[in-house]
Number of protein chains: 2
Amino acid sequence: MLFADIDLLDENLDYRTHQWVGVSDGRIAYLGDAAPEGADAAAYGEVYDGRGKLLMPAFYNAHAHAPMTLLRGYAENLPLQSWLNDRVFPFEAKITPEDCYWGTLLSCAEMARYGVVSFSDMYYHMQEGARAAIDAGLKMNVSDTLIAFGDVGLDELPLRAQDDRLVSELHGAADGRIVVDCNIHAEYTSNPRAVADMAAYAKANGLRIQLHASETALEHEECKQRHDGLTPIRYFESLGVLDVPVTAAHCVWVDDEDIDVLVRRGVFVAANPASNMKLGSGFAPIPKMLERGVNVCLGTDGMASNNNHDMMQDLYLLALLYKGATHDPAVVTPKQALAAATRMGALSQGRADCGYVAVGAKADLCVVDTSGPSWAPMTNPLVNVVYAGHGADVCLTMCDGRVVYRDGSYPTLDVERAKAEVDARTKRIIGEL
Amino acid sequence: MLFADIDLLDENLDYRTHQWVGVSDGRIAYLGDAAPEGADAAAYGEVYDGRGKLLMPAFYNAHAHAPMTLLRGYAENLPLQSWLNDRVFPFEAKITPEDCYWGTLLSCAEMARYGVVSFSDMYYHMQEGARAAIDAGLKMNVSDTLIAFGDVGLDELPLRAQDDRLVSELHGAADGRIVVDCNIHAEYTSNPRAVADMAAYAKANGLRIQLHASETALEHEECKQRHDGLTPIRYFESLGVLDVPVTAAHCVWVDDEDIDVLVRRGVFVAANPASNMKLGSGFAPIPKMLERGVNVCLGTDGMASNNNHDMMQDLYLLALLYKGATHDPAVVTPKQALAAATRMGALSQGRADCGYVAVGAKADLCVVDTSGPSWAPMTNPLVNVVYAGHGADVCLTMCDGRVVYRDGSYPTLDVERAKAEVDARTKRIIGEL
């Protein structure tokens, strides 16, 4: 595809008008302020009329539980313990592998709709989740959840064999779109032996780790009581977890010393502003993290606490709420927020050639229709993207050069079937409860 | 129009499936779970296929500065004083009446697009703003800004004659769509004599008052220093302002005694969550206000601090952020938030027969397309509206029975012209600075 005469946000997220961008073999092969010459131009296939549109890097969702679309609207307005114990856990106990496939496929549809091409996921029955992402044409960092109560090591858990199987069957599958990560659900749902084993397993296999850390004040404080004053971040560091690349979701209650560790170890912090507000967890110290150089990326989390995968809504929150929380309107610039939602997310997934618009990068792109009334005047296009635009303004999403959403159509999946399946499966599960 | 076989949120915001709603003479004339009989049905004109759609009360924007679309993206990421003194005030000094018309018309386009039918506005050149609302087919509570430094009374200000003229020319105009309100910009931009005069003027003329109160901590504290410990709310009460119906925007820093006053006087508090966060003002005590029975409504504020008029985005914020700020996920229910954005907003504008779906109410409606992937499953439709839905899902907006937005079209206005005018006028003003 050749995007013709289109405005864009370049690799520095700077605005350029009237550009031509050619995509071939899944990558950006041409970028210039005029059309490529003759025969070259034809090689890109369809010419896309870019007038009135903005080409951007697509979004990378750094923290999700994709099958949880099944729970959308089911666990609302509840204190965290009741949310978890009375609603989420009993519901999840009824979810089958096939349910996970359809829940993930619907998540993929939502993400494609809103310009998201890749997501880091933490759940169960991950073969099914990965199958959905492959079918949908998206990228996914798959991690099967480690939960290990009692003094049990990784080798004694079924997860060990599952992870071996995930790695052999899926790591690098679908032309590298599927990446298998290791997982540690959280400090409070595991024991030091299993955590250390998982760290060693990740190191031995060259894998990354996804985990939750310091989501709630209770978790953070109880961890310190259990582990000689170690916070979740320092507990994980002490067990070798941070020796491999880690994406730590939430980090709402991290302290200054934790932030030092996050910087020193290059940990990717997946901010989940919607989820953290909805569950009453609080506001992460994102301004301080950005100032100190933490790799901040952005996630939608599960649909029982968000309740959609519109990353532009989360982007808006990321660029908005910390100004309110700190009483400082200068913190978290639009560019920092947009980088978190794009390039930093790609890096958090180990996808070094993704998340920016330049020749050689993977063609993970979204096109935003800037013709709506919220986009005028175009005094500051980047500000319009972050604060005035909407996920629904995305009119084309491309992953590795393949169109996965365009003008209401989903070329890779049957969205009506996905909606109907999730609706029926949710009804079945609620009926069983 | 006859909405056929449509799901809806009724006057209690409860969900009903497969309803028929007939609109005639600007009002809801029929509501039932079957089509009206024979000749009656034909009287409603077009039959709208409601399958896969949700009919809701339209939104009422309780606090806006509509011409400020001209400033969208112009004053970003700045401390409040610099935002105001270095960017907003110098820009505003260049705005002409015709600029106000086009800025307001573009705001009207945005609002119609996102299901908003009515807005309370506080700015200058209000004849022009009202003209735009009339042209756009929307409702508007017009208030020309009182700013009065020094010991000057209302009679000595040009505003007195302007308000007389507004009242005689526009109060009740366009079949009641235009309402003229009085205005007090804020405590810190006026003197007690002018404020008391305005209160008396409003009382004598049977008008409502729009004002700003306790937006920032500085304003709140300085007011107490200037006025023997009186907060802005108690200062206004002491001068008779609260003897008439008042919409007080922001109220971020109100204390418990202020909240008592707000309840006792039936003041409408226009929450502006986006603006308060973006300018670093803080979080209003909305949960406490709701618990104590304050009339909470919702506003978008000006586009230099939001940056769009998508009320569903503000609705989402209203239902989300106070859970984070109070660490209590049970505060501000979806129903409370939606009532603030609809019925309470209508009441704040003195529009008693607006803001709910029932026979006899004004036909101020929006239709939401629930076919997008974020709407499945439909476990809790109201929760989906508030947390999963998007302003862009609005596919039809109706004001007093007249369609003002439908499927990308704006029957009442030329949106391309409005965008082009605002773009050109903004460029002109920036060029003059």
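**View 1. The buried residues of helix 6 of chain A, in a predicted model.** Here we look at A:Ala194, A:Val195, A:Met198, A:Ala199, A:Tyr201 and A:Ala202, the buried residues of this helix. Their arc around the axis is only 160 degrees, which puts them on the same side of helix 6 of chain A. The arc is taken from the directions from the helix axis to the C-beta atoms. Buried stands for under 20% relative accessible area and exposed for over 50%, with partly exposed in between (1.4 Å probe, protein chains only). The cover over the buried residues of helix 6 of chain A includes helix 5 (158-170), strand 10 (182-184), strand 11 (209-213) and helix 8 (232-238) of chain A. Helices (H or I, at least four residues) and strands (E, at least two) are DSSP runs, numbered from the N terminus.

This is a predicted model, so local features need pLDDT of at least 70 and side-chain atom pairs count only at pLDDT 80 or more, while totals for chains, interfaces and linings use all residues. Residues are numbered from 1 along each chain as its sequence is written, chains are lettered from A and ligands numbered from 1 in the order in which they are written, and side-chain values use heavy atoms, leaving out hydrogens and water.

**View 2. The length and the two ends of helix 6 of chain A.** The expected span is 1.5 Å times one less than the number of residues. At the start of the helix, a side-chain oxygen of A:Asn191 comes to within 2.8 Å of the backbone nitrogen of A:Arg193. Just after the helix, A:Gly206 has a positive phi of about 65 degrees.

**View 3. Helix 9 of chain A, from its start to the glycine that follows.** Buried residues of helix 9 (residues 256-264) of chain A are A:Asp258, A:Ile259, A:Val261 and A:Leu262. Seen down the axis of helix 9 of chain A, they fall within an arc of 160 degrees, so they line one face of the helix. Among the elements covering them are helix 7 (217-226), helix 8, strand 13 (268-271) and helix 11 (286-292) of chain A. At the start of helix 9 of chain A, a side-chain oxygen of A:Asp255 reaches to within 3.1 Å of the backbone nitrogen of A:Glu257. After the helix comes A:Gly266, with a positive phi near 60 degrees.

**View 4. The surroundings of B:Val296.** This residue sits in strand 14 (residues 295-298) of chain B, and at 3% relative accessibility B:Val296 counts as buried. Leaving aside residues up to four places away in sequence, B:Val296 touches B:Val269, B:Ala271, B:Ile286, B:Met289, B:Leu290, B:Ala340 and B:Met344. Contact here means heavy atoms within 4.5 Å. B:Ala248 is 48 residues from B:Val296 in sequence and 9.8 Å away in space, C-alpha to C-alpha.

**View 5. A:Thr69 and the residues it touches in chains A and B.** Look for A:Thr69 in the loop between strand 6 (59-64) and helix 2 (80-92) of chain A. A:Thr69 is buried, with a relative accessible area of 0%. Not counting residues up to four places away in sequence, A:Thr69 touches A:Gly103, A:Leu106, A:Ser107, A:Glu110, A:Met303, A:His309 and A:Val422, plus B:Ala376 and B:Pro377.

Terms used:
Polar contact = N/O pair within 3.5 Å; in protein donor to acceptor, adjacent residues only side chain to side chain.
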